Amino acid sequence: MRKVHRLEEIVFWHVFDRPSCLRNDLGQHFGISPATVSRVVSVLVEKGLVIETSAEVSSPGRKPQSLKVNPRLATLLGIDIHEEGALAVVTDLAGTLLGRGTVRCDAERGVDEIVSASLKAADAALEDAEIPRSQIRRLGVSHCGDLDIKNGICVSWANAPGWKFVPIRDMLASAFGMTVTIEDRARALATAERRISPEDWGHTESVYFTCGSGIGMGFFAEGRLYRGASQGGGEIGHTVIDASGPLCRCGNRGCVEAFAGIVAILDYVRKSLAAGAVSTLRDVPATDLNLRAVVNATRQGDAVASAALTRAARALGIAVANTVQLLNPSLVVLCGQLALLAGPEILEPVRLAVRSHCVETAARRVEIRLARPKKDVSAIGCALLAAEAEAERILRAKFTEE
Ligand SMILES: [Zn+2]
């Protein structure tokens, strides 16, 4: 958690949370005089924490000064661990992508397999960036299992039954020989999605839904990621919308994920086919029955595929409407493979659900849109979260030097 004791630290985090900000805006934002802005910025620049550049403006005349975090303060590794392997990226402190590497493996084959895939993916990313491992200050890791983030433990992972109470943070710290920051995958993805979407920066209250094999969420309050009392906030996928609904991977019944997760969508299709429903998906080999096939069949008028997506969109709509009602964000972004492949099928039903189920003041305020396709977002989010932890350490060191 960020601890701030002085104005310089407050201004540093303000700069850190944005790709850049105008120096002239600081006075108004914090209610401080130009002289104070000047003093604070001088301290931050002298300590090498932020850099000043001329802002890109099209109008002639003196260009305003822009501030950004010094990207060279640290180089970070970010690794997204998922069911099919590990994706690694190398970034600077500002989250700029310097290299990437990916290694496939089956998470079900065990923890050692994932640790080894993570090491290989990191080596490939470092080679791509032409940076030695000795230069890396910290590793950020995201994982989609049920995490005890404080203690760095994967309590369980629905897609890999062997993962019970795995001390994944310490295992990776010992394998990599560096400090590891672990985070929920949906929150890592939300962090990067927000950072690399300039149109989102004006929305201080925003929600990012990750619609993949499961459903997750990252919520920003006053521009900061909300984590909750035990850092378990945002588990929207396991909120119950039908107590007598289908069994969810978490053991409960009727969770949002049990309708809208890709695993649930494919399960619904398989069960419909097994029950004898007429569908073109019957001709698709079992190994090729994936979300893309279901979306294609829907667009060709297949009733089973269409029913599976309608059911998912309805559940997702209720989840988004409940979130809008509870948190009153001004922006909701739908991310992940479901949003990417089935955007038109889910976006309008979600907007309709918000209009139908939310009070007007909350519904009218909120913009709901699909994420634009981007590469490596979740791993970049991991690196950004590692960058935040590293920035905190650097800041402490710089100000206790005095
Ligand atoms: Zn559940």
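Asp184 caps the N-terminal end of H6, with a side-chain oxygen 3.3 Å from the backbone nitrogen of Ala186. This is a predicted model, in which local features need pLDDT of at least 70 and side-chain atom pairs count only at pLDDT 80 or more, while totals for chains, interfaces and linings use all residues. Residues are numbered from 1 along each chain as its sequence is written, and side-chain values use heavy atoms, with hydrogens and water left out.

**Helix H6**
- Helix H6 (residues 185–195) has 10 of its 11 residues buried, so it is largely enclosed by the rest of the structure; buried means under 20% relative accessible area, with a 1.4 Å probe and protein chains only.
- Among the buried residues of H6 are Arg187, Glu193, Arg194 and Arg195, along with Ala186 and Leu189.

**Helices H1 and H3**
- The axes of H1 (residues 7–16) and H3 (residues 34–46), which are lines fitted to C-alpha atoms over the stretch in contact, come within 10 Å and cross at roughly 75°.
- That angle makes H1 roughly perpendicular to H3, a class that covers 65 to 115 degrees.
- Leu7, Glu8, Val11 and Phe12 of H1 make the contact with Thr36, Arg39, Val40, Val43 and Leu44 of H3, where contact means heavy atoms within 4.5 Å.

**His14**
- His14 has its place in helix H1 and is buried, with a relative accessible area of 10%.
- Leaving aside neighbours within four places in sequence, His14 is in contact with Cys21, Leu26, His29 and Phe30.

Notes:
Axes fitted to C-alpha atoms, helices over the stretch in contact; angles between N-to-C directions. Helix = DSSP H or I, 4+ residues; strand = E, 2+ residues; numbered from the N terminus. Parallel < 35°, antiparallel > 145°, perpendicular 65-115°, else oblique. Buried < 20%, exposed > 50% of the residue type's maximum accessible area, 1.4 Å probe, protein only. Polar contact = N/O pair within 3.5 Å; in protein donor to acceptor, adjacent residues only side chain to side chain.
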